[in-house]
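This report looks at charged side chains and their surroundings, and then at the fold as a whole. The sequence and structure come first.

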Amino acid sequence: MGQLIKLQDYISRYELNVYRYPTQFIRLKKQNWTKVKNELEQQMNDEELKQEFLDSIFSFQLKWASSTIRERSFVDEQFYYDSNLKYFLQRFPDTYLVLYKPIFLLKQAPVEVEIIIITPIETLCITFLEGDENSVFVGSKERFWIEKNGKSEKKVLSPLIGLNRTEKIVRQIYQLNEIDFPIRKVILNRTGIFDYPFVPYDVNLVDKREYEEWFQRMRGIVSPLKSIQMKAAHALLSHCHATFILRQ
């Protein structure tokens, strides 16, 4: 399971000590799996048991990403049903650190960005561009792309706008902290196709034709947490905005 180290502008335990909580999460996850198996193995099949476990850990992750011992943030209920958030947390390795639409505080101004995943080998800036089933997104350098489906066409805001802003912020923070760690931009479309012959060299378009291969490659990266990865996470979290109240 990917680890949710930051959710929008909610206070996160990982902000207190990003070097401690990722390993603690992995240990607690193993303990929880043993507990769930012992309690429910007689009542559920393997798939039901696994999903019950994943859902319980998902709720646990939202708690860690919105509270500390002394502070708490109020989580928008939509995140408990956010399929894309669950997708990254429930289907990727434990050593992937996820910042889900974090809000950075830059020059005293809050800036919301796209999804950031810090893996042991690189930082991924990810956004989704998905429309109707089998639709074709025609990309360009312009402000708007075109979504085609049969005879219908409509304009959609270019996903590169938010993605480039995200990458620029991450790169600036890394440079400020003298962190040399690869950054890659990814646009995901699991239901349709991209048509962009001259896509920028630093952007990875993943549509339904390449998705399964990309997904399995992402899941197949088996590596422990790396020191450069933790340093990168610490740098990003130190520039994130947090809105919270003190516990009573």
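## Salt bridges and charged surface

In this predicted model, the side chains of Glu-15 and Lys-6 meet in a salt bridge, with an N to O distance of 3.1 Å. Lys-6 is buried, at a relative accessible area of 0%, whereas Glu-15 is partly exposed, at 24%.

A further salt bridge joins the side chains of Asp-94 and Lys-29, at 2.7 Å from N to O. This pair links distant parts of the chain, 65 residues apart, since Asp-94 lies in the loop between helix H4 (83-91) and strand E3 (97-100) while Lys-29 belongs to helix H2 (residues 21-40). Asp-94 counts as buried, with a relative accessible area of 17%, and Lys-29 is likewise buried, at 16%.

Glu-153, which is exposed at 54% relative accessibility, forms a salt bridge with Lys-148, a residue that is partly exposed at 37%.

| Glu-15 | Lys-6 | 3.1 Å |

Elsewhere, Glu-41, Asp-46, Glu-47 and Glu-48 form a negative surface patch. Of these, Asp-46 is found in helix H3 (residues 46-64) and counts as exposed because its relative accessibility is 65%.

Turning to the fold, the chain has 7 helices and 14 strands. Its radius of gyration is 19 Å, close to the 18 Å that the globule rule gives for 248 residues, so the chain is as compact as a globular protein of that length. The C-alpha trace spans about 55 × 50 × 35 Å along its principal axes, and 48% of the 248 residues count as buried.

Note on methods
Residues are numbered from 1 along each chain as its sequence is written. This is a predicted model: local features need pLDDT of at least 70, side-chain atom pairs count only at pLDDT 80 or more; totals for chains, interfaces and linings use all residues. Side-chain values use heavy atoms; hydrogens and water are left out. Patches are made of residues with over 30% relative accessible area and no salt bridge: like charges are joined within 9 Å, nonpolar side chains (Val, Leu, Ile, Met, Phe, Trp, Tyr) within 5 Å. Accessible areas come from the Shrake-Rupley method with a 1.4 Å probe; for residues, only the protein chains shown count as cover. A salt bridge is a side-chain nitrogen of Lys or Arg within 4 Å of a carboxyl oxygen of Asp or Glu. Lys and Arg count as positive and Asp and Glu as negative; His and the chain ends are not counted. The place of a charge is taken as NZ of Lys, CZ of Arg, CG of Asp or CD of Glu. Helices (H or I, at least four residues) and strands (E, at least two) are DSSP runs, numbered from the N terminus. Buried means under 20% relative accessible area, exposed over 50%, partly exposed in between (1.4 Å probe, protein chains only). The radius of gyration is taken over C-alpha atoms; the globule rule is 2.2 Å times the number of residues to the power 0.38.
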